[in-house]
Amino acid sequence: MVSSDNSGGDNFRLAVLGAGPGGYPAAFHAAERGLDVTLVDARAQPGGVCLYEGCIPSKAFLHVAKLIREARHASDWGVTFGDPTIDVDALRDWKDGVVRKMTNGLGLLRRQHSVQYQQGYGRIRDAGQLNIESNGEVLPLDFDALIVATGSTPAVPRSLQVESDRVMDSTDALELRDIPQSLLVIGGGYIGLELGTVYAELGTEVTVVEALPEILSGVERDLVRILERSLRTRLSATHVNTSVASLEEVEGGIAAVIVDKDGVERTEVYERVLIATGRRPNSAGLGLERTSAHIDERGFIVTDQQRRTAEPSIFAIGDVAGDPMLAHKATAEASVAVEAILGEPSAFRPLAVPAVIFTDPEIAWCGLTQSDASALDIEATTVSFPWAALGRATASGRNDGLTRLVIEEGSERVLGMQVVGPGAGELIGEGVLAVELGARVADLAESIHAHPTLNESIMESAQVFYGRSPHYLTRRR
Ligand code: NAI
């Protein structure tokens, strides 16, 4: 059982299962606080899906995709480049190098933190012991506390499970074996659009099908519309209200039976298919049933605000412990769990977890939208600043953006922020700070933002609230 005061840490043994952006920060933080920490993961180095086959490699490719796109547009500014010549092996090597640099760096940090590392697959034997399967051996590891940070894996609907090299999940797509002539992306969510646009910029004809009436369901529509305008020029087609009934390997490709909103079926052949229909938590097969911890109907491990399960010695963080499945949420939970283990009154209660879709333009948001606020019976208003009025955006030929603040009536506190535009993911940090610090809209309006920058759009949105944005005419409140 975890005692209420482990701050001395003498020989208090913490095991962390899973070395992704939840697990490795938990291990490092706990070691800094004096606990005896063992980090367990099947891979050779810490990093998890995020570093090996998720956030980081996809951003390496998105960076190249943006470069290609900008080079193409440069002719509008009087500079014409030829069509790109893509050396797939070199591009893949560069991406692999990025991953290697980051994971080796984490390996070094792990040693500097004196965190022990056990490569292998861990299963819970009971509330105080893990069994680690490694090279055909089973090694027992006793713990006083365990943090489960095993992440998630792509969820592929049964009807789409086909044994074929041509059918990829996000991991396969990031291997970039080659650049197919045509690609069907099933799922118009984060992964489908991020990776779909990478392949499109590399020269593949990309078709996206989305089962729901809109892509990026749940994201504010006016933001998505700005992205959609840009996607139209890059993707061959986007079909909403459309699903794929089956996939079958045929000569030269995969035959997909596509069902439109009226139930009409058609068969189309694509060289490759990317399935991006969501992820599921890695909670099965861990041996949690041998403890008092619960798993909910969606497969998430149930925890309290300290990320403690119903088994007092076991904690869970990151994708395996609930939505949103975002790396930075896992990292924030890691601190909470470690502090809870140390007997401190820490709790995971953020006001703003940022989310970023790294398409071009990017979409980012944090805190409440106006409809979230009204669902909570909070009277809120929004103010927006279109990037058509933003000098820096114009100078970069990128007026396809919008910054919006959600403001509580009366208190004038900033409740949320949404941004679409290139670099939206960088801008959202200021929104998170404003929401978490309980900033008033006047704080943003009166803080001097450097000119000419994209983050002036945040100050100017706040000034719109008072009808005194110098670049966007609105009525005074
Ligand atoms: P997602 O939930 O974002 O999107 C999946 C989409 O597939 C949904 O729109 C869904 O309606 C659609 N879909 C499901 N079954 C379908 C079918 N049979 N036919 C057609 N459409 C179908 O899931 P995604 O893109 O796989 O990403 C998983 C999670 O990974 C995300 O929820 C996100 O939390 C995380 N992620 C975050 C990123 C970021 O922070 N930028 C990047 C990539 C992933």
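The model is predicted, and local features require pLDDT of at least 70, side-chain atom pairs count only at pLDDT 80 or more, and totals for chains, interfaces and linings use all residues. Residues are numbered from 1 along each chain as its sequence is written, and side-chain values use heavy atoms, with hydrogens and water left out. Helices (H or I, at least four residues) and strands (E, at least two) are DSSP runs numbered from the N terminus.

**The parallel sheet**

- Strands E9, E16, E10, E11 and E12 form an open sheet in the order E9-E16-E10-E11-E12, with parallel pairing; two strands pair if DSSP finds at least two bridges between them.
- Its edge strands are E9 (167–168) and E12 (237–239), each of which pairs on one side only.
- Three bridges link E11 (residues 205–209) to E12 in the parallel sense, and Thr207 has Ala237 in E12 as its bridge partner.
- Helix H6 lies across E9, E10 (182–186), E11 and E16 (272–275), and runs at about 165° to E11. Angles run from 0 to 180 degrees between N-to-C directions, and axes are lines fitted to C-alpha atoms, for helices over the stretch in contact.

**The antiparallel sheet**

- A five-stranded open sheet has the order E19-E20-E23-E22-E21, with antiparallel pairing.
- E19 (355–357) and E21 (380–386) are the edge strands, each pairing on one side only, and the twist averages 10° from one strand to the next.
- E22 (residues 402–408) and E23 (residues 414–421) run antiparallel and are joined by six bridges; Thr403 is partnered by Val419 in E23.
- H6 packs on this sheet, touching E19 and E20 (362–367), and its direction makes about 35° with that of E19. Contact here means heavy atoms within 4.5 Å.
- Helix H7 (residues 221–234) also packs on the sheet and touches E20, E22 and E23; its direction makes about 175° with that of E22.

**A hairpin**

- E14 (residues 253–259) and E15 (residues 265–270) run antiparallel and are joined by six bridges, with Ile254 opposite Tyr270 in E15.
- Five residues separate the two strands of this hairpin, and Gly263 in the turn has a positive phi of about 85°.

**Packing of helices H1 and H8**

- The axes of H1 (residues 23–32) and H8 (residues 327–341) come within 8 Å and cross at roughly 35°.
- The crossing is right-handed, meaning that the near helix is turned clockwise from the far one by less than a right angle.
- Pro25, Ala26, His29 and Ala30 of H1 meet Thr331, Ala334, Ser335, Val338 and Glu339 of H8.
- By class, this contact has five nonpolar, three polar and one charged residues. Ala, Val, Leu, Ile, Met, Phe, Trp, Tyr, Cys and Pro count as nonpolar, Asp, Glu, Lys and Arg as charged, and the others, Gly among them, as polar.

**Pocket and cavity**

- On a 1 Å grid over the protein atoms alone, a cavity is a set of points where a 1.4 Å probe fits but cannot get out, and a pocket is an open set with protein on both sides within 12 Å along at least five of seven lines; lining residues have an atom within 4 Å of a point.
- The second largest pocket has a volume of about 380 Å³; grid points are joined across faces, edges and corners, and a volume is the space filled by probe spheres set on the points.
- Of the 20 residues lining this pocket, Leu62, His63, Lys66, Phe358 and Glu362 are the closest to its centre.
- H3 (55–73), H6 (190–202) and H11 (424–436) each supply at least two lining residues, and H3 gives the largest share, eight residues.
- The pocket lining divides into six nonpolar, five polar and nine charged residues.
- A search of the whole structure finds one cavity of 30 Å³ or more; the largest cavity has a volume of about 40 Å³.
- Pro154, Ser170, Ile191, Ile275, Ala276, Thr277, Gly278 and Arg279 line the largest cavity.

- Most residues other than glycine have a negative phi, and most peptide bonds are trans.
- Asp360 and Pro361 are joined by a cis peptide bond with omega of about 5°, and Pro361 is in the loop between E19 and E20.
- The peptide bond from His451 to Pro452 is cis, with omega near -5°; Pro452 lies in the loop between H12 (441–446) and H13 (456–465).
- Leu216, although not a glycine, has a positive phi of about 45°, and it lies in the loop between E11 and H7.
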